[in-house]
Amino acid sequence: MTETATPSPSIDRPLPNGDSASPSLRSLCTSLHQEITAFLQEDLSTETTLQAVQEQTRKSLNIIQAALDRYPLRTLSLSYNGGKDCLVLLILYLSLLSTHPDLPDRLPAIYIPPSHPFASVTDFTLRSAARYHLNLDIYSEDSSSSSQPATTLSSITSKGQDAAAGAGAEGGGGGGKGKGGGGMKEAFTQYLSRNPSVDAIFVGTRRTDPHGGKLSPDGFDMTDGGWPRFMRVHPVIEWHYREIWAVRLP
């Protein structure tokens, strides 16, 4: 889990699409659990940053476990945008699901692309979502202008790279980490109306992000201010930039 000479995934080195050769979600969760457990057992007393990563990892795992204790898995979703914060959150989340009795084939997630994304960023987001077995629903900020269902990851990947890039260019938002305008509120409203079982959504917000300074340190905040009602769960709220980037993603 720590940074080594092996390059971590980046938008210049997109992950492969999920296919029949990819490990099952259960196998992936088990592998991540083993890797994170081994990392937490390392003696890193001479590595200040990595010691901090260990401590932050433990805190984040506690928040995620609290969410799993509080909510049935089918009522949890993830706001995903392919960023490093979201990826760290995702692998920690997956690591706690290795023995979950109700693990599905794919985990629900929502992606709200920025207004003018780079094609390579969109491509990485979709490919990483496939690799990590996310059932990714994609909404643009103008979702309210269409009665059509949200775009799904499977429909995009079946149409190839051009469709993937095009989907990311359709609308605004920031996958739960932007400034949160009316369009993003509407996207979440549409998502929740089509997924009424979702009660809580994991978000990769950190303390230094817009509005992050007002969030609870325990990792749980109900939406307010006219947003559709759901519990925001933000396990990486107290992570610092240097700690996020010290993580080598599996």
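**Figure 1. Phe-188, Trp-227 and Phe-230 in a ring cluster.** In this predicted model, ring pairs join Phe-188, Trp-227 and Phe-230 into a cluster. The structure holds 5 aromatic pairs. Two further aromatic pairs are shown in the next views.

**Figure 2. The edge-to-face pair of Tyr-139 and Tyr-191**. The structure has 5 aromatic pairs, and one of them is formed by Tyr-139 and Tyr-191, with ring centres 5.9 Å apart and planes at 85 degrees to each other. The two residues come from distant parts of the chain, 52 residues apart: Tyr-139 is in the loop between β3 (134–138) and β4 (151–152), and Tyr-191 is in helix α7 (residues 182–194). Tyr-139 has a relative accessible area of 2%, so it counts as buried. For Tyr-191 the relative accessible area is 0%, and this residue is buried as well.

**Figure 3. The tilted pair of Tyr-241 and Trp-245**. The rings of Tyr-241 and Trp-245 lie 6.2 Å apart, centre to centre, with 45 degrees between their planes. Tyr-241 counts as exposed because its relative accessibility is 56%, above the cut-off of 50%. Trp-245 has a relative accessible area of 46% and is partly exposed.

**Figure 4. Arg-70 over the ring of Phe-220**. This view shows a charge placed over an aromatic ring. The charged end of Arg-70 is 4.1 Å from the centre of the Phe-220 ring.

**Figure 5. The salt bridge between Arg-248 and Glu-35**. The whole structure contains 4 salt bridges. In the one shown here, the side chains of Arg-248 and Glu-35 meet at an N to O distance of 3.8 Å. The bridge links distant parts of the chain, 213 residues apart, with Glu-35 in helix α1 (residues 25–41) and Arg-248 in the segment after α8 (241–244). Glu-35 has a relative accessible area of 24%, so it is classed as partly exposed.

**Figure 6. The salt bridge between Asp-85 and Arg-206**. The side chains of Asp-85 and Arg-206 form a salt bridge with an N to O distance of 3.1 Å. Asp-85 belongs to helix α3 (residues 84–95), whereas Arg-206 is in the loop between β5 (200–202) and β6 (220–222); the pair links distant parts of the chain, 121 residues apart. Both Asp-85 and Arg-206 are buried.

**Figure 7. The salt bridge between Glu-238 and Arg-207**. The side chains of Glu-238 and Arg-207 meet with 2.4 Å from N to O. Glu-238 is partly exposed, at a relative accessible area of 30%. Arg-207 is also partly exposed, with a value of 24%.

**Figure 8. The whole protein, as context for the close-ups.** The protein has 8 helices and 7 strands. Of its 250 residues, 50% are buried. Among contacts between residues at least 6 apart in sequence, 78% join residues at least 24 apart. The protein exposes about 11,600 Å², of which carbon and sulfur atoms supply 50%.

Key: Residues numbered from 1 in each chain as written. Predicted model: local features only at pLDDT ≥ 70, side-chain atom pairs only at ≥ 80, totals over all residues. Heavy atoms only, no water. Helix = DSSP H or I, 4+ residues; strand = E, 2+ residues; numbered from the N terminus. Buried < 20%, exposed > 50% of the residue type's maximum accessible area, 1.4 Å probe, protein only. Contact = heavy atoms within 4.5 Å. Areas by Shrake-Rupley, 256 points an atom, 1.4 Å probe, with all protein chains shown as cover. Phe/Tyr/Trp six-rings, centres within 6.5 Å; stacked < 30°, edge-to-face > 60°. Lys NZ or Arg CZ within 6 Å of the ring centre and 35° of its normal.
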